[in-house]
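Here are my notes on this model, as numbered points. Please read them with the structure open.

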Amino acid sequence: MPRPLGELEDAVMTRVWQWNRPVTVREVLEDLQQERSIAYTTVMTVMDNLHQKGWVRREAEGRAYRYTAVSTRAAYSAALMNEAWSTSDNPAAALVAFFGMMSAEQRDALRDAFRIVGYDDGSAAEPAAEPVAEPVAEPPARSAPQPPAETPSAPPPAEGDSAGRGAEPGR
């Protein structure tokens, strides 16, 4: 069952998702520092927490780790929507209320999504035999990490994260 990410977790994951490659704590720190004052150890703790929760996997590189998203932002958002909808005691009413809150752009995106999965106009028609949409993935359980949903498209940068200050303990 996915839980919404906290504000700082979301800020970190946004960068990991956008960059779509293995990242270091230092890279995320430097980008976050353009918006706010934040300590290396804070970012390191958040990334370690995301690893413990199963949102990122990490591989040691020298004294640092490189972190990679386990799932896409789209899959995360879909899992949150599914969780919210499935906990309703009246799913149809929840959907009606949700649709009532949608902007014109969101309604257009919903129509596009229905077409992609084989619903012509959002009616109760049968879905296509092979949906094109990406599957919704929940984060893996702590005890059983799973491989990432996507392979990073670019190799990691050559620079390390082992400048001697703020290196991760035990590395």
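1. Trp17, Trp55 and Tyr76 form one aromatic cluster. Rings of Phe, Tyr and Trp (its six-membered ring) pair if their centres lie within 6.5 Å; planes under 30 degrees apart count as stacked, over 60 as edge-to-face and the rest as tilted. The structure holds four such aromatic pairs. In one of them, the ring centres of Trp17 and Tyr76 are 5.6 Å apart and the planes meet at 35 degrees, so this pair is tilted. Trp17 sits in helix α1 and Tyr76 in helix α4, so the pair ties together parts 59 residues apart in sequence. Trp17 and Tyr76 are both buried. Buried means under 20% relative accessible area, exposed over 50%, partly exposed in between (1.4 Å probe, protein chains only).

2. A word on the basis. This is a predicted model, in which local features need pLDDT of at least 70 and side-chain atom pairs count only at pLDDT 80 or more, while totals for chains, interfaces and linings use all residues. Residues are numbered from 1 along each chain as its sequence is written, and side-chain values use heavy atoms, leaving out hydrogens and water.

3. Tyr65 and Tyr67 make an edge-to-face aromatic pair, with 6.0 Å between centres and 65 degrees between planes. Both tyrosines are buried.

4. Next, the core. Helices (H or I, at least four residues) and strands (E, at least two) are DSSP runs, numbered from the N terminus.

5. What does Val12 contact, leaving aside neighbours within four places in sequence? Its partners are Val28, Leu32, Val46, Met47 and Leu50. Contact means heavy atoms within 4.5 Å.

6. Helix α2 is mostly covered, with six of its eight residues buried. These are Val25, Arg26, Glu27, Val28, Leu29 and Leu32. Their cover includes α1, α3 and β2.

7. Check Asn20. Its phi is near 50 degrees, a positive value in a residue other than glycine. Most residues other than glycine have a negative phi. Asn20 is found in the loop between α1 and α2. It counts as partly exposed, at 27% relative accessibility.
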